[in-house]
Amino acid sequence: MPTVLLTRAPEDNKLLADALQHLGVHTVALPTPSLVPVSPAQAFTQWQTTVHAADAVAFTSRYAIRALAELELLSPILSHPRVAVVGPRTAAELAVHGVQAHLAATPAS
């Protein structure tokens, strides 16, 4: 029986895990999302410069949004004219912080 290692958070892998198991594939859950902030002052300066120069900002993970919020780095996004996300959960996380995505790629995969 083939085995697949699933590294996303369990709630993110539920549909995939169910589908694989239905096909007879053994799944092993090993969630690995981990965020390690580095020098917040340096990150803030680089982040602000990058965001203000960008035509658009895209988030592919709600974990990235949470990390930016924890580091108080989401403020440049509040006024950005174009913000995109991958999937409804990432959009929902962004909305928690007062930002509505202008574009959402679905399905999230």
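In which hand, right or left, does H3 pass H5? The crossing of H3 past H5 is right-handed. A crossing counts as right-handed if the near helix is turned clockwise from the far one by less than a right angle, and left-handed if anticlockwise.

Before the details, some ground rules. This is a predicted model, in which local features need pLDDT of at least 70, side-chain atom pairs count only at pLDDT 80 or more, and totals for chains, interfaces and linings use all residues. Residues are numbered from 1 along each chain as its sequence is written, and side-chain values use heavy atoms, with hydrogens and water left out. Helices (H or I, at least four residues) and strands (E, at least two) are DSSP runs, numbered from the N terminus.

Back to the helix pair. Two packed helices are described by the angle between their axes and the distance between the axes. Helix H3 covers residues 62-70, and its axis comes within 8 Å of that of H5, crossing at roughly 15 degrees. Axes here are lines fitted to C-alpha atoms, for helices over the stretch in contact, with angles from 0 to 180 degrees between N-to-C directions. H3 and H5 are therefore roughly parallel to each other, a label for angles under 35 degrees. On the H3 side, the contact (heavy atoms within 4.5 Å) is made by Arg-62, Ile-65 and Arg-66; H5 supplies Arg-89, Thr-90, Glu-93 and Leu-94. By class, these residues are 4 charged, 2 nonpolar and 1 polar. Asp, Glu, Lys and Arg count as charged; Ala, Val, Leu, Ile, Met, Phe, Trp, Tyr, Cys and Pro as nonpolar; the others, Gly among them, as polar.

Helix H5, residues 88-96, lies across S3 and S4, at about 135 degrees to S4. The sheet is open, has 3 strands in the order S3-S4-S5, and its pairing is parallel. Strands pair if DSSP finds at least two bridges between them. S3 (57-59) and S5 (103-105) are the edge strands, each pairing on one side only. From one strand to the next, the twist averages 20 degrees. Strand S4, residues 83-86, is joined to S5 by 3 bridges, and Val-85 stands opposite Ala-104 in S5.

Strands S1 (residues 3-6) and S2 (residues 26-29) run parallel, joined by 4 bridges. Thr-3 stands opposite His-26, and Leu-5 opposite Val-28.

Note on methods
Parallel < 35°, antiparallel > 145°, perpendicular 65-115°, else oblique.
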